[in-house]
Number of protein chains: 2
Amino acid sequence: MSRCLISKLEVQSFIERCMTAVGTQPHHARSLAEVLVEGDHRGHYSHGLNRMDMYVKDIQTGICAKDGEPVVEKESAATALVDGKNLLGPVVGNFCMNLAMKKAKEVGIGWVVAHGSNHYGIAGYYAMQALKEGMIGMAFTNTSPLVVPTRGKECTLGTNPISVAAPASDGDSFVLDMATSAVALGKVELYERRGDSIPEGWGCDTEGKLTADPKKVLNGGGLLPIGGSEATGGYKGYGLGMMVEVFCGILAGAQYSKNIRTWKVTDRVANLGQCFVAVNPENFAPGFNDRMSDLLSIHRGLDPADPDTPVLTAGDPERTNIKACEEMGGIPYHINVVNYMNECAKKIGVSQLLPCDKFVSN
Amino acid sequence: MSRCLISKLEVQSFIERCMTAVGTQPHHARSLAEVLVEGDHRGHYSHGLNRMDMYVKDIQTGICAKDGEPVVEKESAATALVDGKNLLGPVVGNFCMNLAMKKAKEVGIGWVVAHGSNHYGIAGYYAMQALKEGMIGMAFTNTSPLVVPTRGKECTLGTNPISVAAPASDGDSFVLDMATSAVALGKVELYERRGDSIPEGWGCDTEGKLTADPKKVLNGGGLLPIGGSEATGGYKGYGLGMMVEVFCGILAGAQYSKNIRTWKVTDRVANLGQCFVAVNPENFAPGFNDRMSDLLSIHRGLDPADPDTPVLTAGDPERTNIKACEEMGGIPYHINVVNYMNECAKKIGVSQLLPCDKFVSN
């Protein structure tokens, strides 16, 4: 397939242009653009440029605040409760993660939760901020209900991601960034568009029965938690999804569970709950980075079951994607995405993504 | 099946009798007995009385220390690094969890890791200590390699459990206590003894290929991470297992990954790494317990897919088991377990479990 190559800088600038055109504060627009570009750069296109129109709309309709800053409501040496003031998710996320790291530098750990937040892109972006300071970072968020709990038939939990990043030597790292659902909704949508059936264990129908028909999952059914059905351990994924909800909506006093607004329906403010943690290895046993490197090496060096698919560690597929982007000199987008984004830009009087005539096969 | 009913107090006393008979300090024996009894009471027989002989042997052979106390090596207002001094796991676990809760009372969170520890029974026991103080508790431990990472064929990770307990109103709670493997090893052993095949996604053979033959899993193969194969999301369980290793062996400077001694082979000290966390909801939004109760109610009140299997929340199956034990007035054990334990007791000159003639059908 042929894709349109656009430089990282231009994508960054384009998102900033669009967001500021509808009234977003420039430094807020920059924060959002950075997270979305990072999503695409890592190969998670479902959390990048192609979601920009959602954020533009949130600012245009006023359902998300375009001005102001998050506020610390309660604080200790190691913890904080933050009011995100309904600002863009990345504005709240950066504020909280920076605060968590500051605390971790002083007392070894910072645990910060926010209410009044919005979608913040990939959770891994925030966890990875801690790597720059040689710390372990974690990020969690609740999201709109899309997951059906084990034995149920109604969506009561979001895809509630868990992200944990830990530094190793020489800039290497472990970066776990995973939804607590068996798969992402976007993956089911992709199968549906192709007319393919989905593997057992991804989703269920309106009656809570496992189904291979993506249409049934998308129309009144829902995603299953990691582990799939009860027999294959889906109750563990359900438990993890609820753990994320405890750290986010419950601890922060934000919306939670099925009270969170429906996915893509912006009839009221999101009031998402989010949790950000930084842990400083210097407060524990010396030599953390070396042991991390050894742990990664042990796994990467394993004899694979299939010689064509080497054993990886969390973050390796994204590292490969970033390297490919750097070699090409940009991020390859499907031309439909570029055209759609340029139409959006036109409507708000913003100059288009350039150039649009550099294609790569990918 | 008929089972032998023994009072909780007698099981507690029996384990204390056996452990002190081989030279364990009485208060250490008490700590171990409490965790094992709690395991059985909650229905997790694989982590209760039937493992007592392993702990007796550990003390008898001197591979585990029978005297001394854990030592804090490094400390901040919110963190601590503890040397478990090769003491029994529950001695280290209680010491660390108490320290984490003390810190959480002062600064909202305590994050304590230990090296030099041993098997500590159910992780949930430690997480649940925090409930008594109205806090969220967490416990993690690394364990002997039994899990094969996605795409590999060698065991490099233990069943590395995650436990998170959170208080709700009126003594109710959420208690997640789960291995990061698809199933416990004991479950595969059970199928093997019965001559049954296991469901796809539980384990693999020596070549890393999924297998339905429990013998292959037990003889050179291994357990799969939660999620099963790569196609069904097993890489998420693999990532979570490694996250636990980061919090435990790597952060604590203990043994880690495939360097940990083989399961049931006690040729050298275990030097396990463990992590204990307490988070004080009072440092965050008011009304935590009420929101937790609402979250639990939302799920327990869901219309189930099958009317015969109601939707549960983490900790509910154990609650049912505890209630059944209380109604019977004791814990029902398989007679073989009782006989085996009494043989062990005889060898070390300890009086037997009493009475052994009270049977219940269960």
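Select R300(A) and D172(A): their side chains meet in a salt bridge at 2.7 Å, N to O (a side-chain nitrogen of Lys or Arg within 4 Å of a carboxyl oxygen of Asp or Glu). R300(A) sits in helix α9 (residues 288-300) of chain A and D172(A) in the loop between β6 and β7 (173-178), 128 residues apart. Helices (H or I, at least four residues) and strands (E, at least two) are DSSP runs, numbered from the N terminus. R300(A) is partly exposed, with a relative accessible area of 30%; buried means under 20%, exposed over 50% and partly exposed in between, with a 1.4 Å probe and protein chains only.

This is a predicted model, in which local features need pLDDT of at least 70, side-chain atom pairs count only at pLDDT 80 or more, and totals for chains, interfaces and linings use all residues. Residues are numbered from 1 along each chain as its sequence is written, chains are lettered from A and ligands numbered from 1 in the order in which they are written, and side-chain values use heavy atoms, with hydrogens and water left out.

Next, select K258(A) and E154(A), whose side chains form a salt bridge of 3.5 Å, N to O. K258(A) lies in the loop between α8 (234-252) and β11 (272-279) and E154(A) in the loop between β5 (136-141) and β6 (162-167), so the pair ties together parts of chain A that are 104 residues apart in sequence. K258(A) is partly exposed at 36% relative accessible area, and E154(A) is partly exposed at 35%.

Now go to chain B and select D316(B) with R300(B), a salt bridge of 2.9 Å, N to O. D316(B) belongs to helix α10 and R300(B) to helix α9, so this pair joins parts 16 residues apart in sequence. D316(B) counts as buried at 8% relative accessibility, while R300(B) is partly exposed at 31%.

Stay on α10(B), where D316(B), E318(B), I322(B) and C325(B) are buried. The elements covering these buried residues include α2 (26-41), α9 (288-300) and β12 (331-333) of chain B. After α10(B) comes G329(B), with a positive phi near 85 degrees.

Finally, show both chains. Chain A can be laid on chain B with an RMSD of 0.0 Å by a turn of 180 degrees and a shift of 0.0 Å along the axis, superposed by least squares on the C-alpha atoms of residues with pLDDT of at least 70 in both. The two copies are thus related as by a two-fold rotation axis. To find the axis, select G227(A), the residue of chain A that comes closest to it, at 2.1 Å (C-alpha).

Terms used:
Contact means heavy atoms within 4.5 Å.
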